[in-house]
Amino acid sequence: MTLETDEFLRRFLLHVVPRGFMRIRHFGLLANRTRRGTVTRCRALLGHPPPEAAQPESVVSLMQRLTGMDLARCPVCGEGRMQVTALVESVTPPPDTS
């Protein structure tokens, strides 16, 4: 593939963004910053009722509903119930100064 210099630079600069700038991939009606307001306005103009606010489903109940697997059941014996006994905090390692 052979490109003119201007076309090569244009294509290359599409991938280079200066520090502090954000690449905008979506714009218009469904742009991230305006999506909620725009969809609400579209629903009102079309006469559709707003969607019901659903409570977020827990991971355990979602897996049970989708796959039939019970995450609280012991994976070895299949009879016992697993329970949380301790939570381990994640610790970020110190920066490498070498």
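1. After α2 comes G47, whose phi is positive, near 80°.

2. A word on the basis of these remarks: the model is predicted, so that local features need pLDDT of at least 70 and side-chain atom pairs count only at pLDDT 80 or more, while totals for chains, interfaces and linings use all residues. Residues are numbered from 1 along each chain as its sequence is written, and side-chain values use heavy atoms, with hydrogens and water left out.

3. In secondary structure the chain has three helices and zero strands, in the order α-α-α from the N terminus on; helices (H or I, at least four residues) and strands (E, at least two) are DSSP runs, numbered from the N terminus. The chain is more spread out than a compact globule, because its radius of gyration is 25 Å, well over the 13 Å that the globule rule gives for 98 residues. That radius is taken over C-alpha atoms, and the rule is 2.2 Å times the number of residues to the power 0.38. Along the principal axes, the C-alpha atoms fill a box of roughly 70 × 65 × 30 Å.

4. Of the 98 residues of the chain, 3% count as buried, where buried means under 20% relative accessible area, exposed over 50%, and partly exposed in between (1.4 Å probe, protein chains only). Among contacts with a separation of 6 or more, residues 24 or more positions apart account for 0%, a contact being heavy atoms within 4.5 Å. The chain exposes about 10,300 Å², of which carbon and sulfur atoms supply 61%.

5. Two loop residues deserve a look. M22, in the loop between α1 and α2, is exposed at 69% relative accessibility, and its C-alpha atom is separated by 19 Å from that of L9, 13 residues apart along the chain. P56, in the loop between α2 and α3 (59-67), is exposed as well, with a relative accessible area of 75%; P56 and C77 are 21 residues apart in sequence and 30 Å apart in space, C-alpha to C-alpha.

6. On aromatic side chains, a search of the whole structure finds one pair. The rings of F8 and F12 have centres 6.3 Å apart and planes at 15°, so they count as stacked; rings of Phe, Tyr and Trp (its six-membered ring) pair if their centres lie within 6.5 Å, and planes under 30 degrees apart count as stacked, over 60 as edge-to-face and the rest as tilted. F8 and F12 are separated by about one helical turn, because they are four residues apart in helix α1 (residues 5-13). F8 is partly exposed at 46% relative accessibility, and F12 is partly exposed at 46%.

7. As to cysteines, the structure holds zero disulfides, a disulfide being a pair of cysteine sulfur atoms within 2.5 Å. The sulfur of C74 has its closest cysteine sulfur in C77, 3.7 Å away, which is too far for a bond. C77 is accordingly in no disulfide, and with a relative accessible area of 48% C77 is partly exposed.

Definitions and conventions:
Accessible areas come from the Shrake-Rupley method with a 1.4 Å probe; for residues, only the protein chains shown count as cover.
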